[in-house]
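Me: Hi, I'm new to this one and would like to go through it with you. Could you put it up on screen?

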Amino acid sequence: MSLLALLAQAAPAPAAGHAPADADFWGLLFVFVLASFIGMGVIRRVSRLLHTPLMSITNAISAIAVVGAILVTGGEYPPHIQAMGAVALFASMTNIVSGFLITNRMLKMFKTDDKRGGGGHA
Amino acid sequence: MTHAIAQVAYIVATALFIFALHWMNTPATARKGVYAGVAGMTIAVLVTWAQPAVVHHLWIVVAIVAGFAVGVPLANVPLTAVPQRTALSHAFGGLAAGLVGTAKYYLWYSEGPENLTAFRMVAIILEILLGFLTFTGSLMAAGKLQEIKWIPQRPVTYPFQNLSNLLLLLLAVGLGVALTLHPTAPWAPQLFPVIIVLALAFGVLLIIPIGGADMPTVIAILNAYAGLSAVAMGFVLDNKLLITAGALDGSSGLILAIIMCKAMNRSFTNVLFGAFGQVQAAKAIGEQKQYKAETAEGAAQVLEQASLVVIVPGYGMAVAQAQHKVRELYDQLKKRGITVKFAIHPVAGRMPGHMNVLLAEADIPYTDLVEMDEINGDMPQCDVCLVVGANDVVNPAARSDKASPIFGMPIIDADKARTIFAIKRSKNPGFAGIDNELYFSDRTWMLFGDAKNVIGELVKQLAGESGMH
């Protein structure tokens, strides 16, 4: 309950002048809720055959944390802040690269009956 | 101007991510989805890098190169290792979120305390809690899946486990609230690492009591946490792209976790706090039941007479790397005009969709991979059901035995087939430590041995006979 009150306090009232240091809390929350609904709608229709590739592609997509990591690494900040950013950037980049590559590798294997054959397997 | 361009680019990237997931709805368009995802991510990275605030480039280049150097080998692991790779990438995702949250806090503490509003502090605390607990929790899960020696495979339990875990989490949240109320207090920079340590410890303790059979659900939950930590980062940085992409990942993890839980007839709380898979000591008593063993030769003769064969793969097939031999068997049977279908249980294996990927790797057309609900109606017409390394997902006790830990779980009705052959490495019970009644049915014959060798024998028998005619 106290947390909720805190959040309500934190969110700038629409007509209460400008609060330069703070973000548009309600706007962000709005985006989050709508994006979650879109996510639910889209994911629900993903073929059950593809749940493993789905997980690896969403891994790669959630490595969008790379955006935050670049801003922290490349900004005019003290070295220890930049170092944290660089490690975060490395971790996100690893997820992006391996996530997309392995998804593509797995999806290449899904074939229908008439398309198989020819391609050898190890 | 640059701000407007960046915002437009972020909107385009969001749209591409949504298309990427939309195209995953059928294997025919799924690869287009990967290209859309790569395009979206490339746009996001380049536009962010071009921001005027980004002035130092050396460490960005180094980190990106290092990311490629580690990412490429990680993308080429054997497909049987995909569950642990996935867990590892959740760990990386959590780590990135946790570190960015930490960096932002200390930055604002020293260079702009007016930025540490209550709302931002709540977002930062959520980001580091989720990020760091996902980090250690996923590392533990990856370790269990990789069967690293010093990480116990079986669930570890001790008295007051759930209570102490809960208290630990409450303590972390309580400290977080204190920090939110006094973000710029002189003691705040010392309190912050304490919360990090508590989150790291909680991640380990959360995974310790979880057994292998629950891994598909746990991986899905950790997936959702990794996504939500990116969402929290979006709230901290006031960045809508992070929020949308994180929300897509979060909802994906949540839906997969719900599907997995339904497939086991269990609740989230039961998976996380139930310590499923402890050896049932009380079950050991009772009469010694007898298995009926069959030879590869005999089994091959029965298979040859069948018109519908259903193969039920499980984690044992992955362990034995038997999928390629299974495909040879599939080809031998198909050659004789026998219909062969694969019955896929949602929780077979160690992650959602695990079996489908392994069978696709072996070049089996995905049109012959059938979901549990669709195949069960056909099981009474099935002449031979061949169980390859699956156990709990075909255990009839789930339907009949109220005392069984898996009671109520939907299963593949292997026991309704006219003849059942079950391949099993040894006479020990499965991962969940539960005896399987199916093996003692009068229509079941056991084929003991390594799945790869046993199926290889079957293929040899079938190939040999066809050669004589």
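**A chat about chain B**

Reply: Here it is, and please keep in mind that this is a predicted model. Buried residues make up 54% of the 469 residues in chain B.

Me: How many helices and strands are there in chain B?

Reply: Chain B has 17 helices and six strands, and its C-alpha atoms fill a box of roughly 85 × 50 × 35 Å along the principal axes.

Me: Let's take strand β5 of chain B, is that one mostly covered or mostly open?

Reply: Strand β5, residues 419–424 of chain B, is mostly covered, with five of its six residues buried.

Me: Changing topic, which residues touch the most other members of the largest nonpolar core?

Reply: Those are A:Ala65 and B:Val387, in a core of 204 residues. Helix α5 (residues 118–146) of chain B gives the most to this core, with 18 residues, and at least three residues come from each of domain 1 (77–273) and domain 2 (286–468) of chain B.

Me: And what is B:Val387 in contact with, leaving aside its neighbours within four places in sequence?

Reply: Its contacts include B:Ile420, B:Phe421, B:Ala422 and B:Ile423, and among them are also B:Val312, B:Val394 and B:Ala414.

Terms used. Residues are numbered from 1 along each chain as its sequence is written. Chains are lettered from A and ligands numbered from 1 in the order in which they are written. This is a predicted model: local features need pLDDT of at least 70, side-chain atom pairs count only at pLDDT 80 or more; totals for chains, interfaces and linings use all residues. A residue is buried if 20 or more other C-beta atoms lie within 10 Å of its own, exposed if 12 or fewer, and partly exposed in between; C-beta atoms are placed from the backbone. Helices (H or I, at least four residues) and strands (E, at least two) are DSSP runs, numbered from the N terminus. A nonpolar core is a set of buried Ala, Val, Leu, Ile, Met, Phe, Trp, Tyr and Cys residues joined through C-beta atoms within 7 Å. Domain bounds come from an automatic or database domain assignment. Two residues are in contact if their C-beta atoms, placed from the backbone, lie within 7 Å.
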